[in-house]
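Here is a short briefing on a protein model. Keep the structure open beside the text and find each element as it comes up.

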There are 2 protein chains.
Amino acid sequence: MSDELGQQRPERQIRVLVDGHGGDDAPEMVLDALQQVLSPAFASQFLLPLTFGIVGQEDLLRPLLEKRGLTDRVTLVPAADIIGMCDAPALALRRKKNSSIHVGARMVRDGDWDALVSAGNTGALMAVSKFILKTLPGIDRPAIASMIPASNNGRTLMLDAGANSECTSDHLVQFAIMGSCYMQAAEGIEYPRVGLLNIGSEEIKGTDVIKLTSAKLTDSELNYIGNVEGTDLFGNDVDVVVCDGFVGNVALKTMEGTARFLAENMRSELTSGLVAKTGALMARSALKRFKDKVNPGKYNGAPLLGLNGIVVKSHGGADADSFTCAIGVACREVSENLTDRITESVQELMDA
Amino acid sequence: MSDELGQQRPERQIRVLVDGHGGDDAPEMVLDALQQVLSPAFASQFLLPLTFGIVGQEDLLRPLLEKRGLTDRVTLVPAADIIGMCDAPALALRRKKNSSIHVGARMVRDGDWDALVSAGNTGALMAVSKFILKTLPGIDRPAIASMIPASNNGRTLMLDAGANSECTSDHLVQFAIMGSCYMQAAEGIEYPRVGLLNIGSEEIKGTDVIKLTSAKLTDSELNYIGNVEGTDLFGNDVDVVVCDGFVGNVALKTMEGTARFLAENMRSELTSGLVAKTGALMARSALKRFKDKVNPGKYNGAPLLGLNGIVVKSHGGADADSFTCAIGVACREVSENLTDRITESVQELMDA
């Protein structure tokens with residue numbers, strides 16, 4: 001390829017940098033995931049060539065890369081500091097300028113890498129990314145977008161999942177725009193149905209902020225379908241569910257808690273009594289299919305939408321398989337030019 | 001029994017009035033439940049004699065009672081109007097003064113009955129009850145308290161589950177006091193552990209209202225254990241979880257949605273393929289025990305706490321079994337003198 005001046009331009013690639021220090025089981029879990037994404041099976045999902053890097057402490061990560069024979073296949077980007085899971089975001093932002101998250105975000109800003117994926121401290125990842133990458137024109141606050149499994153192999157995107165505890169109606173409308181663009185780009189839904197998470201389907205329900213948001217969404221160019229409830233998250237009637245980060249985070253963690261509680265009870269019943277146990281063994285493949293299907297790890301990788309650059313947050317407790325999914329989310333965002341598309345759509349919808 | 005003046009005093013009883021018109025399957029579902037609570041098995045749970053009444057349209061309910069031979073065993077309290085599930089609470093309060101809910105609440109106020117149980121319109125039930133019964137001294141707003149199943153056959157009480165979308169820190173502190181008293185009285189927990197629903201366990205998380213509430217709870221005489229998250233609702237580390245009604249309602253409906261989604265997927269996997277199906281049949285009793293154990297109907301019956309009288313809200317979609325559970329909740333509240341106990345505790349905690 002050559003541009004107008006006849007100079008050689010590098011072939012377009014998908015270049016993803018992963019944080020070597022984020023997550024309960026880092027760095028080994030991160031390296032396990034890197035081995036998975038370097039496989040031909042993973043690469044075959046994308047039309048563009050993939051390049052991976054890991055950012056973090058060189059003396060710790062270099063020997064691990066060598067041990068796995070990954071030195072030539074994964075670029076090591078040195079970063080001296082580590083942001084802990086309990087560090088206060090504001091302090092981490094100011095005091096750990098050489099952390100893996102800071103260095104990673106700067107490299108995405110400078111165009112050295114296309115995306116950063118981290119299983120680290122959510123608040124710090126958001127604060128640092130926002131400070132370094134800035135928000136897109138027209139967007140006041142980035143949001144964490146979380147994909148939820150729905151009936152009939154559907155998917156629902158919920159945002160904000162925890163970045164902004166308090167939101168104005170304008171923030172919520174911006175989340176609706178970003179979520180709609182994301183579902184267009186990532187899931188190919190032409191005209192995504194947007195719902196507002198509320199405590200009843202009637203117009204009169206909810207807080208003043210919710211009522212004002214509903215009025216603004218009704219007047220927007222979005223495919224706004226009105227209020228939805230917690231029970232609708234798993235249905236097939238809505239594609240994008242908008243809420244503030246407090247409510248979204250409680251909803252997500254309640255899902256996690258409910259699923260874990262049910263699984264524990266199921267397991268204890270199925271393993272007590274010989275007949276039940278034998279039955280459970282016979283039904284094992286069905287139970288495994290069920291588990292695979294509703295496995296939350298498959299949905300791991302929450303994009304921080306609204307930033308001028310691609311950043312994906314993985315669950316802190318992710319294993320290698322689910323961290324691989326989060327890297328996949330980042331690759332798709334790069335391959336679909338998500339940042340540019342959201343920028344254009346926000347502009348169009350705001351001009352309308 | 002006779003009082004100081006030597007007059008005959010009626011023996012103490014538990015007198016519960018049920019709304020004949022609330023719920024998707026009323027009035028038949030309500031009558032089915034009345035037949036259950038008239039059984040010796042139900043009565044054996046209580047030391048005091050039980051008396052039941054049904055409030056609603058006489059010409060509709062009288063023939064149904066006659067058909068079931070219940071005319072002598074259930075008092076029919078006539079009420080001309082019905083509040084629909086979609087009626088706006090404020091309008092229903094003003095315009096339907098002869099509704100079953102209005103008449104029922106007035107009879108509880110006047111001491112003719114000890115408690116009202118309804119599966120009807122939640123907002124209207126709350127508005128009418130608050131208007132007629134008033135709140136207890138020191139309580140600004142009543143809250144809906146919802147019991148959640150927890151590990152090891154435990155129970156967690158969450159409030160508010162939907163009555164108050166927007167709350168101040170004082171409201172939330174009052175919910176904490178009422179929830180704590182309820183768990184003492186209903187579950188016999190001496191010093192219930194109170195947690196504040198938040199989006200992280202660290203002190204710095206959450207909204208300004210949440211942070212202020214946390215500071216006030218820390219200074220209170222309650223057994224306050226700090227922030228809890230959505231994942232903690234099903235654990236054994238907290239007895240009372242406090243939140244505003246918006247967040248509580250979203251959490252409850254998200255639980256419901258998650259459980260339904262998982263059950264559907266499980267069912268579809270277990271009924272596909274002969275081996276899986278046979279295994280599922282063999283494990284049937286285990287699956288049934290599991291279902292019984294996590295059956296949300298068992299936890300039906302949410303007290304409206306903070307009123308000067310006992311009112312219990314049943315899920316609108318309740319069947320007779322779960323409506324029976326809601327009547328049981330009301331009977332226990334009467335038998336434990338819950339209103340008086342909350343009044344005393346609120347006074348003590350406010351004086352402290």
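Into which domains is chain A divided? There are two entries: domain 1 covers 1-139 + 306-336, and domain 2 covers 149-296. Keep in mind that this is a predicted model. The points below go from domains to sheets, then to helices, and end with backbone details.

**Domains of chain A**

- The C-alpha centres of domain 1 and domain 2 of chain A are 27 Å apart.
- Domain 1 of chain A gives 8 residues to the contact, and domain 2 of chain A gives 6 residues.

**The sheet of chain A**

- Chain A has an open sheet of 11 strands with mixed pairing.
- Trace the strands of chain A in this order: E3-E2-E1-E4-E11-E10-E5-E6-E9-E7-E8.
- Which strands of chain A stand at the edges? They are E3 (74-78) and E8 (223-228).
- Each of these edge strands has a single partner strand, so one side of each has no neighbour in the sheet.
- Neighbouring strands of this sheet are turned by 30° against each other on average, direction ignored.
- In general, strands of a sheet pair through backbone hydrogen bonds, either parallel or antiparallel.
- One parallel pair is E1 (residues 14-19) and E2 (residues 50-56) of chain A, joined by 6 bridges.
- Within that pair, Asp19(A) has Val55(A) of E2(A) as its bridge partner.

**Helices on the sheet of chain A**

- Helix H1 (residues 28-37) of chain A lies across E1, E2 and E3 of chain A.
- H1 of chain A runs at about 170° to E2(A).
- Helix H7 (residues 169-187) of chain A also packs on the sheet.
- Which strands does H7 of chain A touch? They are E5 (143-150), E6 (154-159), E7 (193-197), E9 (240-242) and E10 (302-305) of chain A.
- The direction of H7 of chain A makes about 150° with that of E6(A).

**The sheet of chain B**

- Chain B also has an open sheet of 11 strands, and its pairing is mixed.
- The order in chain B is E3-E2-E1-E4-E11-E10-E5-E6-E9-E7-E8.
- At the edges of this sheet are E3 (74-78) and E8 (223-228) of chain B, and each pairs on one side only.
- From one strand to the next, the twist averages 30°.
- E7 (residues 193-197) and E9 (residues 240-242) of chain B run parallel, and 3 bridges join them.
- Val194(B) has Val240(B) as its bridge partner in E9(B).
- Helix H1 (residues 28-37) of chain B packs on the sheet and touches E1 (14-19), E2 (50-56) and E3 of chain B.
- The direction of H1 of chain B makes about 170° with that of E2(B).
- H7(B) packs on the sheet too, touching E5 (143-150), E6 (154-159), E7, E9 and E10 (302-305) of chain B.
- The direction of H7(B) makes about 150° with that of E6(B).

**Helix pairs in chain B**

- Two packed helices are described by the angle between their axes and the distance between the axes.
- H7 (residues 169-187) and H8 (residues 208-219) of chain B pack at about 45°, with axes 9 Å apart.
- H7(B) and H8(B) are therefore oblique to each other.
- H7(B) passes H8(B) in a right-handed crossing.
- Residues making this contact include Leu172(B), Val173(B) and Ala176(B) of H7(B), and Val209(B), Ile210(B) and Leu212(B) of H8(B).
- The contact of H7(B) with H8(B) has 7 nonpolar, 2 polar and 2 charged residues.
- H5 (residues 100-109) and H6 (residues 122-133) of chain B pack at about 35°, with axes 9 Å apart.
- The crossing of H5(B) and H6(B) is right-handed.
- From H5(B), the contact residues include Ile101(B), His102(B) and Ala105(B). From H6(B), they are Leu125(B), Val128(B), Ile132(B) and Leu133(B).
- By class, the contact of H5(B) with H6(B) has 7 nonpolar, 1 polar and 2 charged residues.

**Backbone details**

- Most residues other than glycine have a negative phi, and most peptide bonds are trans.
- The peptide bond from Leu159(A) to Asp160(A) is cis, with omega near 10°.
- Asp160(A) is in the loop between E6 and H7 of chain A.
- Leu159(B) and Asp160(B) are joined by a cis peptide bond, with omega about 5°.
- Asp160(B) is in the loop between E6 and H7 of chain B.
- Asn337(A) is a residue other than glycine with a positive phi, near 55°.
- Asn337(A) is in the loop between H12 (320-335) and H13 (338-351) of chain A.

Terms used
Residues numbered from 1 in each chain as written. Chains lettered and ligands numbered in written order. Predicted model: local features only at pLDDT ≥ 70, side-chain atom pairs only at ≥ 80, totals over all residues. Heavy atoms only, no water. Axes fitted to C-alpha atoms, helices over the stretch in contact; angles between N-to-C directions. Helix = DSSP H or I, 4+ residues; strand = E, 2+ residues; numbered from the N terminus. Parallel < 35°, antiparallel > 145°, perpendicular 65-115°, else oblique. Left-handed = near helix turned anticlockwise from the far one by under 90°. Contact = heavy atoms within 4.5 Å. Nonpolar A, V, L, I, M, F, W, Y, C, P; charged D, E, K, R; others polar. Pairing = 2+ DSSP bridges. Domains from an automatic or database assignment.
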